[in-house]
Amino acid sequence: MENHQKSFTGIKVIAFDADDTLWVNEPYFQETEQKFCALMEDYLPHHTVSQELFKTEMQNLSLYGYGVKGFMLCMIETILRVSENTASLQTIHKVIEYGQELLNKPIELLDGVEEVLKSLKGKYKLVVATKGDLLDQERKLNKSGLAHYFHHIEIMSDKQEKDYKKLLKHLDCQPEEFLMIGNSLKSDIMPVIALGGHGVHIPYHTTWAHEKIDHQVEDLRFHQFETIMEILPKMMI
Ligand SMILES: [Mg+2]
């Protein structure tokens, strides 16, 4: 119990994941995938198209990284493979439109986000640590109206231990002074805990298959809350 009470002492930097932690993201991708599957239903059943798309994404992840542009290229590649290069140019045109729509989606902040940032600003160094396309994430941050809360924005090509190590070095922060808040156990929490930092997992109602893990994290520096607002009573504010 005592450990639990003290778990948030000594924190200097609080980093927030962006997609599905600060704002809605995955449902927009899923909506696009639904449209893509419908577009391809002359070739394959819905579920199979979805599997083929995921396969293409996983094959290209190390080349394209995370984000909408890579997703667009993967949709195009999937069309060519599934249709054996017989799909019309209109079909390709459609998925370019889907991707552009995705890039122009409005920003929908998640409940409590602004209140939490307002309460923590000035007491901690606040940081955004997110994957995705550089320009897209910058645009979302600007549109969100949240940029002024943050001391630093880090758009990362990946979120593995080595990537967090680099971020901590850049921030001149010791792992035990670092708290990461995010919706993905795999990329927001586990690498940070492994480095000796603190992690707060706030599950979102839907998670991309690539981020799903069957693993329980047991650590005194790990917490799971239902909403972001639950961190406030635990912080020194
Ligand atoms: Mg996320």
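**Close-up views of the predicted model**

**View 1. Phe16 and its partner in the neighbouring strand.** Phe16 stands opposite Ile181 in S4. The structure shown here is a predicted model. Strand S1, residues 13-16, is joined by four bridges to strand S4, residues 178-182. The two strands run parallel.

**View 2. The open sheet that holds S1 and S4.** Six strands make up an open sheet with parallel pairing, and their order is S3-S2-S1-S4-S5-S6. The edges are taken by strand S3 (152-155) and strand S6 (222-224). Each of these has a single partner strand, so one side of each is left without a neighbour in the sheet. From one strand to the next, the twist averages 20°. Strands of a sheet pair through backbone hydrogen bonds, in either a parallel or an antiparallel manner.

View 3. Asp20 is located in the loop between S1 and helix H2 (26-39). Its phi is near 65°, which is a positive value in a residue other than glycine. Asp20 has 24 other C-beta atoms within 10 Å and is therefore buried, the cut-off being 20 or more.

View 4. The loop between helix H8 (161-171) and S4 contains Asp172. Asp172 is not a glycine, yet its phi is positive, at about 55°. With 10 other C-beta atoms within 10 Å, Asp172 counts as exposed, because a residue with 12 or fewer falls in that class.

Technical notes. Residues are numbered from 1 along each chain as its sequence is written. This is a predicted model: local features need pLDDT of at least 70, side-chain atom pairs count only at pLDDT 80 or more; totals for chains, interfaces and linings use all residues. Two strands pair if DSSP finds at least two bridges between them. Axes are lines fitted to C-alpha atoms, for helices over the stretch in contact, and angles run from 0 to 180 degrees between N-to-C directions.
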